[in-house]
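Me: I should be grateful for a close look at one part of this structure, taken residue by residue. Please begin with a single side-chain pairing and then set it in its surroundings.

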Amino acid sequence: MPQATPSSRRDPDGEDVVYLRTDDDICFLASSLVDRSSADSGRGFLSACGFGSSRCSIEHPPSRNQPANLSHCSFSVKNALSVRALHEMATAGSVIGSTSRRTLLYGHAILLQHRSSQKYLCCLSTSPYKDKLAFDVGLGDRPEDESCWFTVHPSSKQRSEGEKVRAGDDVILVSVSSERFLHVDGDSVQASFQQSTWTVQPVCSGKLRPVLKGYLHGGAVVRFFHRHANQCLTSPRDISGSCCARFERGSMNKHARSLWLVETLKTRWGHGFIQWGQPVRIKNLVSGKYLTFQEKDMVLESQPSLETSVFILTQSENDNMEFDESKDYSMGEPSIRVGDSVVFVRHNRQFLWLGHQVQCGMSKKQKMGRRVHYEKAFGMAVWHMDFGFTLTKAGEEEHRAANVMRISTRIIQNFRRCVRQLDKEKETERQKSQMLQEMADIQAAQEGLLVYFAEPDALSDRDSRQSHYKTLKMRQALFREQGMIGLLL
């Protein structure tokens, strides 16, 4: 049976009520963008890139049935205090951190940490162009400042101050420093005198996070290793346009293009345990493209449909375990053990197994005397034992390096596209504004890369410097293998 959510209770109607606590991961849905009477209404989630630009924005899923991009939209509740206690701690200058899991209460101030970048949601000192009385909202790295704290208030009369915050509640967030509401203006997010309502959705329970390390869960970054061969599922180095996934031999466990993000098809408890037979999507972390099935080929695409990009993980050919998508499994139960369980990947609609086709390719390394084999990935109608995979989780540093590569590549490509567009057409006000924004993103990315590859502080101790140099060497190797140095230059 699926495991119950740790902080759940039952209300008088017999339904499970989930109370949010510190260390839980949550996401915020802009309620003003959702027309509950329309099935085709758009959805917008509070999102942040985490590298380059520090401003937050609204991210819209491609369709109503697709979940939010939780790698950008997930925030962890690091602490919750009363406003009076917050003022006292800020005045004393003490380091603010939660040592125990506390239940979120209406009227209290919370500290939200962006899961991908480890920075904090904050009210910036800059103002948007349209409203000089408002402030931009983005990410900061000073949790002791009151600009990184927001008070939570109920948006309906069904909840009151001092009551526990429940999953799915509609809330109002107010910046402690500026005393302005967290407001949606188009696709931008501001701290404004205008009020916006946010729906809180749980993503992951903090109590079960230590257990997640040994099992496959939503949002996990893994490598797919073949059991009977020294080969790993990867993407090509050239990820521009449509490209096919393939299996490569050699030291792929040290390359960033062999990292894959496993996503569930739900936003609520989207980082819960993945069950056998549960529909998932597999995304290459460096390219940001999803593994899809097209005419027996496994093709990588940026925004594929659910019909082509949904797979299920099974234990064998005759695994008939069914996953009821209409049922709320909460965090689920630990099922697929990373590094131990043998996993077979099957397309959900076509019932084809992820396999390989032998094909030798020539590369630059081959010209230097080293022969590199790769095998094209495609869908097999007949199941075989050799199609089994063993999953290994990636390290935190590899995960972050792949994210930095993907974001940097996107920023540079957008800048080049904007420059080519200016050369072809006569410059307009809109193109000029877009060019200025692209230049600001390029500058922010350069500053971020300088910090990312910065050498350790000379005043730090020897062990810290050695650890930093080791991490820096690994970052440089990952960027060099992906060809990022030439792209940045």
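Reply: The side chains of Asn403 and Arg406 are joined by a polar contact of 2.9 Å. The model is a predicted one, and the distances and accessibilities below are computed from it. Asn403 belongs to helix α6, which covers residues 396–424. With a relative accessibility of 11%, Asn403 counts as buried, because the limit for that term is under 20%. When neighbours within four places in sequence are left aside, Asn403 is in contact with Ser116 and Leu285.

A second residue of helix α6 is Arg410. Its relative accessible area is 38%, so Arg410 is classed as partly exposed. Arg410 and Gly288 are 122 residues apart in sequence, yet their C-alpha atoms are 9.7 Å apart in space.

Side chains of opposite charge can pair when their charged atoms come close. The structure holds 17 salt bridges, and several of them may be described in turn.

The salt bridge between the side chains of Glu248 and Arg257 has an N to O distance of 2.6 Å. Glu248 is buried, at 4% relative accessibility, and Arg257 is likewise buried, at 1%.

Arg84 and Glu88 also meet through their side chains in a salt bridge, at 3.5 Å from N to O. Both belong to helix α2 (residues 83–92), and because they are 4 residues apart, about one helical turn separates them. An α-helix has 3.6 residues a turn, so residues three or four places apart point the same way. Arg84 is exposed, with 65% relative accessible area, while Glu88 is partly exposed at 49%.

In the salt bridge of Asp340 with Arg337, the closest N and O atoms are 4.0 Å apart. Here Asp340 is exposed, at a relative accessible area of 53%, and Arg337 is partly exposed, at 38%. A further group, consisting of Asp23, Asp25, Arg115 and Arg209, is linked in a network of salt bridges.

The largest nonpolar core has 39 residues, and the members that touch the most others are Phe28, Leu46, Cys56, Leu112, Leu121, Leu182 and Trp198. Phe28, with neighbours within four places in sequence left aside, is in contact with Gly44, Phe45, Leu46, Leu112, Leu173, Trp198, Thr199 and Val200. Another core lies apart from this one and has 29 residues, including Cys243, Val262, Leu291 and Val345.

As for the cysteines, the structure holds 0 disulfides. Cys122 is in no disulfide, and the nearest cysteine sulfur, that of Cys148, is 4.6 Å away; a disulfide would require the two sulfur atoms to be within 2.5 Å. Cys122 is buried, at 5% relative accessibility. Cys49 is buried too, with a relative accessibility of 17%.

Gln118 has a positive phi, near 65 degrees, although it is a residue other than glycine. Gln118 is located in the loop between β7 (109–114) and β8 (120–123), and is partly exposed at a relative accessible area of 42%. Trp269, also a residue other than glycine, has a positive phi near 55 degrees. The loop that holds Trp269 runs between β19 (260–264) and β20 (279–284). Trp269 is buried, its relative accessible area being 2%.

At its start, a side-chain oxygen of Asp461 comes to within 3.3 Å of the backbone nitrogen of Asp463. The helix has 21 residues (462–482), and at 1.5 Å a residue these should span 30 Å; the end C-alpha atoms are 31 Å apart, which agrees. Buried residues in α8 are Leu472, Arg475, Leu478, Phe479, Glu481 and Gln482. Gly483 follows α8 and has a positive phi, near 80 degrees.

Terms used:
Residues are numbered from 1 along each chain as its sequence is written. This is a predicted model: local features need pLDDT of at least 70, side-chain atom pairs count only at pLDDT 80 or more; totals for chains, interfaces and linings use all residues. Side-chain values use heavy atoms; hydrogens and water are left out. Buried means under 20% relative accessible area, exposed over 50%, partly exposed in between (1.4 Å probe, protein chains only). Helices (H or I, at least four residues) and strands (E, at least two) are DSSP runs, numbered from the N terminus. A polar contact is a pair of N or O atoms within 3.5 Å; within protein, one must be able to donate a hydrogen and the other to accept it, and residues adjacent in sequence count only if both atoms are side-chain atoms. Contact means heavy atoms within 4.5 Å. A nonpolar core is a set of buried Ala, Val, Leu, Ile, Met, Phe, Trp, Tyr and Cys residues joined through side-chain atoms within 4.5 Å. The expected span of a helix is 1.5 Å times one less than its number of residues.
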